[in-house]
Amino acid sequence: MDKLVLKGHEFESRLLTGTGKFSDKNLIAPMLEESKSNIITMALRRINFENPKENILNYIPKHITLLPNTSGARNAEEAIKIARIAREAGCGDFIKIEIINDMKYLMPDNEETVKATRVLAAEGFIVLPYIMPDLITAKKLEEAGAAAVMPLGAPIGSNKGLLTKPLIEMLNDNKRLPIIVDAGIGAPSQAAEAMEMGVDAVLVNTAISTAEDPVMMGKAFAMAVEAGRMAYLAKLAKTSKYANASSPLTDFLFRGDK
């Protein structure tokens, strides 16, 4: 399978995962193994060096790429500060910009996200901005130096799937950066559907971490993402308004029978 490339960094898996909502943090490592995910996101507040049992970094294998997010940021200034702290804490250069000041629907602030991306990309961060799907914003993020664009499929944690599919398709048809669908994917079938569209990856957290068996669910998502990518590369057959027989319609069974 072809690789996901983000600012020159190659990843075997096109499934990104998260650390939130696990009932037992010890499930994170086996989930990562079964899901084959190479990148995992986490909130900076989960890094607690004073309490090893609460420090999320102690539950993530060392070979996994960390994607700290700026959860809690209400504007670009706060997101930039969180990103810098994450780098100083040893989390590396990857950062997911997440700026939310709408507390009811948790919609991202696209304008502030562009501002933060411009500053952090200039500082050498590999920036993955989380946005409400919008073509103009995506173009601005490209100009700002983003490594990818992460449009939401549905509100965070809703598991409603690809409610924004037409908007994501617009981004995908005009992309110059990788498109990673983030938020809202609630089932492996929805992840496969996203990959069949031609997006480059998906990020799944709630649907895996809140499943009765997160480890098995991680594997299910891995298989779905691979299947969806293969279907896209194989070029899906076009749909038709009418029936189209897959075998010749002949009358050989009744030949000569008047």
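What volume does the largest pocket have? The largest pocket has a volume of about 600 Å³. This is a predicted model, in which local features need pLDDT of at least 70 and side-chain atom pairs count only at pLDDT 80 or more, while totals for chains, interfaces and linings use all residues. Residues are numbered from 1 along each chain as its sequence is written, and side-chain values use heavy atoms, with hydrogens and water left out.

**The largest pocket**

- On a 1 Å grid over the protein atoms alone, a pocket is an open set of points with protein on both sides within 12 Å along at least five of seven lines, and a cavity is a set of points where a 1.4 Å probe fits but cannot get out; lining residues have an atom within 4 Å of a point.
- The pocket is lined by 30 residues, and N69, S71, E98, I156 and N205 are the closest to its centre.
- β4 (39-43), β10 (201-204) and α7 (206-209) are the elements that give two or more residues to this lining, and β4 provides the largest share, 3 residues.
- By class, the pocket lining has 13 nonpolar, 11 polar and 6 charged residues (Ala, Val, Leu, Ile, Met, Phe, Trp, Tyr, Cys and Pro count as nonpolar, Asp, Glu, Lys and Arg as charged, and the others, Gly among them, as polar).

**The largest cavity**

- The largest cavity has a volume of about 90 Å³.
- Among the residues lining this cavity are L135, A138, K139 and E142, and α4 gives the largest share of the lining, 4 residues.
- The cavity lining divides into 6 nonpolar, 1 polar and 4 charged residues.

**Helices that meet**

- The axes of helix α2 (residues 76-88) and helix α3 (residues 110-122) come within 8 Å and cross at roughly 40°, so α2 and α3 are oblique to each other.
- A76, A79, I80, A83 and R84 of α2 make the contact with E112, K115, A116, V119 and L120 of α3 (contact means heavy atoms within 4.5 Å).
- This contact of α2 with α3 holds 7 nonpolar, no polar and 3 charged residues.
- The axes of α3 and helix α4 (residues 135-144) also come within 8 Å, crossing at roughly 15°, which makes α3 roughly parallel to α4 (angles under 35 degrees count as roughly parallel, over 145 as roughly antiparallel, 65 to 115 as roughly perpendicular and the rest as oblique).
- From α3, N110, T113, V114, T117, R118 and A121 meet T137, K140, L141 and A144 in α4.

Methods:
Axes are lines fitted to C-alpha atoms, for helices over the stretch in contact, and angles run from 0 to 180 degrees between N-to-C directions. Grid points are joined across faces, edges and corners, and a volume is the space filled by probe spheres set on the points.
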